[in-house]
Amino acid sequence: MIQLSRWKVILVVVAAVFGCLLAFPNLLSDSQRAALPGFVPKNKLNLGLDLQGGSYLLLEVDVPAMREKRVTNLIEDVRVTLSGAGIATNGFQREAGGVIATLANPAQSDAAFKALQQLGGQAGPGGQVERTASRIGDNRVRFAYTDAALNGMGATAVDQSIEVVRRRIDSLGTREPSITRQGTDRIVVQAPGESDPTKLEEVIGQTAQLTFQMVDVENSVTEAQAGRVPPDSELLVGEDGTPYLVKKRVLVSGENLTRAGVGSDQSGRPAIDFRFDGAGARRFGEATAANLQKPFAIILDGKVISAPTIQSAITSGSGQITGQFSIQEAATLVNLLNGGALPAPLNVEERRTVTAELGADAVQAGALSTAVGFGIIVLFMILAYGFLFGGVSVVGLVLNGVLIVAAMSLTQATLTLPGIAGLILTFAVAVDANVLIYERMRDEARSGRSVIASMDAGFNKAMGTIIDANLTTLVAAGIMFVFGEGPVRGFAWTLTIGVFTSVFSSVLVAQVLLGYWLKTAKPKKLPIAE
Amino acid sequence: MRGWPLIKLLPQKTNFHFVKYARFAGVLSVVLCIAAIVSCFYPGLNMGIDFRGGASMEVSKPAGQVIELDRVREAVNGLNLGDVQVQGIARRDTNADDGSTAILRFQVPEGRDQTQVVNQVEGAISQAVGEVTYSGVSVVGSKVSGELFTSGLLALGVAIGLMFLYIWFRFEPQFGFGAVVGLLHDVILTFGLIVLFKLEFSLNMVAAVLTVIGYSMNDTVVVFDRLRENLRKYKTMPLRDVIDLSLNETLSRTIITGVTAVMVLAALAIFGGEALFGFSIALMFGIIIGTYSSIYVGAPIILLWGVKRGALADDAKPVKLGMASRP
């Protein structure tokens with residue numbers, strides 16, 4: 001085994017060359033890297049957020065809240081449809097996915113069922129019938145979302161949310177944000193660099209649900225404030241705290257918006273110009289035509305922005321929202337509206353922010369301790385095993401370091417602060433392979449074997465132990481990878497890469513170098529043995 | 001040249017009667033383990049926000065200026081957040097504890113908006129001590145922290161289970177039990193040390209404990225490998241002598257690797273700054289305990305249990321991995 005075999009030499013040389021090539025870009029500045037020719041690898045180490053600074057947000061899509069809201073809208077649809085068909089009701093009973101209406105006159109049950117069937121016949125955004133009507137007994141009709149629609153809402157909402165969040169973050173100009181889904185109803189946003197986390201959260205946190213609803217003029221606001229809110233209306237407040245009583249039914253919503261832009265009203269204050277799509281323009285036209293001289297409310301995330309009175313039917317599909325906006329507010333709002341509304345509120349479940357300076361300090365501390373740790377090992381190995389054997393493990397260690405950096409740059413695995421610790425520990429354990437081999441050699445030499453035989457036996461017998469020992473580390477790393485999060489995963493990945501590179505470099509490099517020494521120096525005595 | 005390289009100073013052949021003291025060591029280990037388990041509940045682990053939920057914020061002023069901790073405490077206590085911890089830490093850039101940096105930990109009360117609470121706290125601090133920078137802010141919701149805790153414990157459990165299976169597969173069931181008892185011992189004592197030093201138990205700490213598990217196994221495997229080899233070589237030697245022999249034979253490696261690892265981790269604890277301090281301390285002690293346990297816990301357990309010598313020599317050949325074959 002100790003004989004110099006050609007493939008081992010080639011393997012070590014090739015690994016060293018490729019390792020240096022892949023690790024090299026880490027020494028260059030960004031502009032130097034950009035100037036490299038295309039075939040040269042350019043990737044640097046991918047630093048985790050704890051090292052380069054940035055924000056980590058774990059968001060949960062509030063699916064139950066969205067379902068609640070959809071059902072509320074459905075109830076209002078039923079209310080309007082039934083009263084529009086001249087069917088009197090005795091009450092509505094809300095249930096998980098829909099509503100049961102009790103009819104005042106059982107004779108109208110067929111008519112009610114037909115009207116609701118027609119309402120349900122309109123295909124939803126998914127292109128499928130989402131809501132169905134059914135009869136219960138003589139005088140009750142049920143109108144509800146199908147189970148498929150209810151179950152699908154969550155998944156669709158998360159997908160849509162990811163899209164919306166991505167558009168919004170892009171509008172902030174954040175560099176390389178990563179937005180991924182986690183589990184069934186969670187989204188992880190990672191934005192590196194100096195992005196302002198508060199701004200980020202502000203932009204993501206706003207649902208930006210824009211709705212146009214009629215103001216309830218038949219009932220008084222004071223009555224409602226006293227707790228007597230009519231069942232088909234809701235009490236909202238304006239930006240300045242003014243209470244508004246608004247019909248629950250949504251005439252048109254932000255989903256029908258095609259474009260929003262910052263404009264100015266007649267007095268020159270910032271306003272928001274908008275345009276509806278075809279369906280939105282038609283619905284808005286019908287609604288305005290039917291409600292001339294009545295006020296309607298423009299509502300954003302549950303707050304009334306303004307409540308203008310309809311002067312004429314608006315059929316062009318475009319309009320203007322005026323309110324007390326500053327230019328910035330108007331611009332942010334336009335961005336949010338153009339990015340689309342979130343289908344459901346997002347709750348921030350976890351948030352971690354590290355400033356770039358703190359990250360840089362961590363890198364510095366990590367680099368310093370790596371250097372010191374490395375120095376200690378080099379010193380210790382040379383003191384313990386001399387310049388030849390100790391030196392051989394130091395060469396292996398250096399190659400190991402290069403290979404780890406190369407592998408991490410190539411795979412773009414994230415290097416985190418605990419990952420740096422993993423790296424340092426890897427160096428210590430890498431030396432263990434050399435120690436195992438050298439101690440075996442010493443054992444064999446003591447039992448009277450020749451230099452060549454004891455070196456050979458040293459490598460052979462230590463190999464099984466080395467593999468056993470490293471496999472256990474791999475198992476531990478694998479578990480961290482499966483169960484860990486963020487920084488812990490980074491640690492596990494560094495450890496895993498380290499196991500492979502360290503076995504390779506400490507064993508193979510030692511075999512090649514010591515084999516060469518054996519061939520050229522023809523030693524009579526093992527320098528590390530008595 | 002005698003004494004150079006220095007490894008020659010380490011006696012090649014030692015004759016320590018490790019097993020003789022195993023009974024005493026066993027009693028000591030059991031006592032320490034019980035103490036460690038008790039300490040995990042009383043006073044209990046110092047749970048970080050990863051597992052307890054809540055917020056932690058790092059605030060700092062430019063070097064040379066001092067953040068008055070009392071005033072920060074007072075200001076934040078006024079917000080009715082329950083228990084608020086304020087603690088001065090060393091500056092990140094210079095690693096000097098000059099009073100210009102502090103860390104705050106508090107809980108976000110049930111039903112209050114995280115972001116809002118954090119903003120309130122930031123406002124209160126600025127009012128109390130003037131302009132400060134917030135270099136690191138972490139907020140973990142109670143739901144997520146619960147999940148993180150469960151998955152952390154699960155990871156530790158699965159790790160120990162897999163190690164047991166691995167040793168069983170590679171060696172003998174008795175060896176597997178010895179290794180797992182050793183592992184449990186190491187994990188429990190590491191937890192005890194985390195409590196003793198009041199280190200924050202965080203996600204990173206789970207990584208540290210898992211690494212201790214990996215290292216301790218590594219150490220145990222080296223000893224067991226030699227033990228198995230010697231059991232085959234010296235078929236008539238009493239088991240306790242074979243164990244002593246194997247421990248002595250691997251002693252120089254155990255010491256060299258252990259010392260290297262501990263020195264490197266000490267460097268990490270000293271130069272790695274606040275963020276890695278607890279982590280490296282836990283690892284360092286874990287590795288010391290792991291080294292001790294592979295000598296005094298793992299191997300003596302095998303003595304307690306006994307090994308079928310004949311079976312080991314003939315039937316239970318170690319699984320060949322195909323790497324150790326001669327050319």
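A crossing of two helices is left-handed if the near helix is turned anticlockwise from the far one by less than a right angle. This term applies below to a helix pair in chain B of the predicted model.

Two packed helices are described by the angle between their axes and the distance between the axes. In chain B, helix H1 (residues 22-44) packs against helix H9 (residues 273-305), with axes that come within 10 Å. The axes cross at roughly 110°. Angles of 65 to 115 degrees count as roughly perpendicular, and H1(B) and H9(B) are therefore roughly perpendicular to each other. Their crossing is left-handed. H1(B) contributes Ala22(B), Ala25(B), Gly26(B) and Ser29(B) to the contact. From H9(B) come Tyr296(B), Val297(B) and Pro300(B). Five of the residues in this contact are nonpolar and two are polar. None is charged.

Chains A and B also meet each other. The contact takes 66 residues from chain A and 65 residues from chain B. On the side of chain A, several elements give two or more residues each. They are helix H7 (197-205), strand S18 (346-354), helix H11 (356-411), helix H12 (417-446), helix H13 (451-483) and helix H14 (486-521). H11(A) supplies the largest share, 18 residues. By class, the side of chain A that touches chain B has 37 nonpolar residues, 14 polar residues and 15 charged residues.

Strand pairing links the two chains as well. S18(A) pairs with strand S5 (residues 133-140) of chain B. The two strands run in the antiparallel sense, over five bridges. Within this pairing, Glu350(A) stands opposite Val140(B) of S5(B).

Other pairings lie within chain A. Strand S8 (residues 186-192) of chain A is joined to strand S2 (residues 54-61) of chain A by seven bridges. S2(A) and S8(A) run antiparallel. Strand S7 (residues 178-182) of chain A is joined to S8(A) by five bridges, again in an antiparallel arrangement. Ile187(A) of S8(A) takes part in both pairings. Leu59(A) stands opposite Ile187(A), and Arg181(A) has Ile187(A) as its bridge partner.

S7(A) and S8(A) form a hairpin with three residues between the strands. In this hairpin, Gly183(A) takes a positive phi near 65°.

Methods: Residues numbered from 1 in each chain as written. Chains lettered and ligands numbered in written order. Predicted model: local features only at pLDDT ≥ 70, side-chain atom pairs only at ≥ 80, totals over all residues. Contact = placed C-beta atoms within 7 Å. Helix = DSSP H or I, 4+ residues; strand = E, 2+ residues; numbered from the N terminus. Nonpolar A, V, L, I, M, F, W, Y, C, P; charged D, E, K, R; others polar. Pairing = 2+ DSSP bridges. Axes fitted to C-alpha atoms, helices over the stretch in contact; angles between N-to-C directions. Parallel < 35°, antiparallel > 145°, perpendicular 65-115°, else oblique.
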